[in-house]
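Subject: Structure handover

Dear colleague,

What was found in it is set out below.

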Amino acid sequence: APDRGPRPVTGDRLQQEMVEWGRVNAPWTDRTGDARKLLSARVLSNEFAIGPIIVEHGVPYGIWLEIANGGRFAILTRIIDVFGPIIMADLQRILR
């Protein structure tokens, strides 16, 4: 997991970190590089709140990377598993 330190969560930094982590840790072997390159994350936020966080594939076959072969090539759930606790810890720190 990335070391976030005491810095509070921000949408731009969070989406960049999620995408970079996903690209580095994606368990599949690239054929075209498109699945890795087009992996994306968006944090819907404004100056007052962080809203939904969307992590998605940019290729039509991304769904098969997630569900085929027993999820062996899934990366989206791994991103959520890694960053979910980090986001919650950041939010708890902000609310203290």
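Leaving out residues up to four places away in sequence, His-57 touches Trp-28, Leu-38, Leu-39, Gly-62, Leu-65, Glu-66, Ile-75 and Leu-76, where contact means heavy atoms within 4.5 Å. Please keep in mind that this is a predicted model, in which local features need pLDDT of at least 70 and side-chain atom pairs count only at pLDDT 80 or more, while totals for chains, interfaces and linings use all residues. Residues are numbered from 1 along each chain as its sequence is written, and side-chain values use heavy atoms, with hydrogens and water left out.

His-57 itself lies in the loop between strand S2 (50-56) and helix H3 (62-67), helices (H or I, at least four residues) and strands (E, at least two) being DSSP runs numbered from the N terminus. With a relative accessibility of 15%, His-57 counts as buried, a term that means under 20% relative accessible area, with exposed over 50% and partly exposed in between (1.4 Å probe, protein chains only). The side chains of His-57 and Glu-66 are joined by a polar contact of 2.7 Å; such a contact is a pair of N or O atoms within 3.5 Å, of which, within protein, one must be able to donate a hydrogen and the other to accept it, and residues adjacent in sequence count only if both atoms are side-chain atoms.

The loop between S2 and H3 also holds Val-59, which counts as buried at 10% relative accessibility. Val-59 and Asp-34 are 25 residues apart in sequence, yet 7.0 Å apart in space from C-alpha to C-alpha.

Finally, the structure holds one aromatic pair. The ring centres of Trp-21 and Phe-83 are 6.3 Å apart and their planes stand at 85 degrees, so the pair is edge-to-face (rings of Phe, Tyr and Trp, the last by its six-membered ring, pair if their centres lie within 6.5 Å; planes under 30 degrees apart count as stacked, over 60 as edge-to-face and the rest as tilted). Because Trp-21 lies in helix H1 and Phe-83 in helix H4, the pair ties together parts that are 62 residues apart in sequence.
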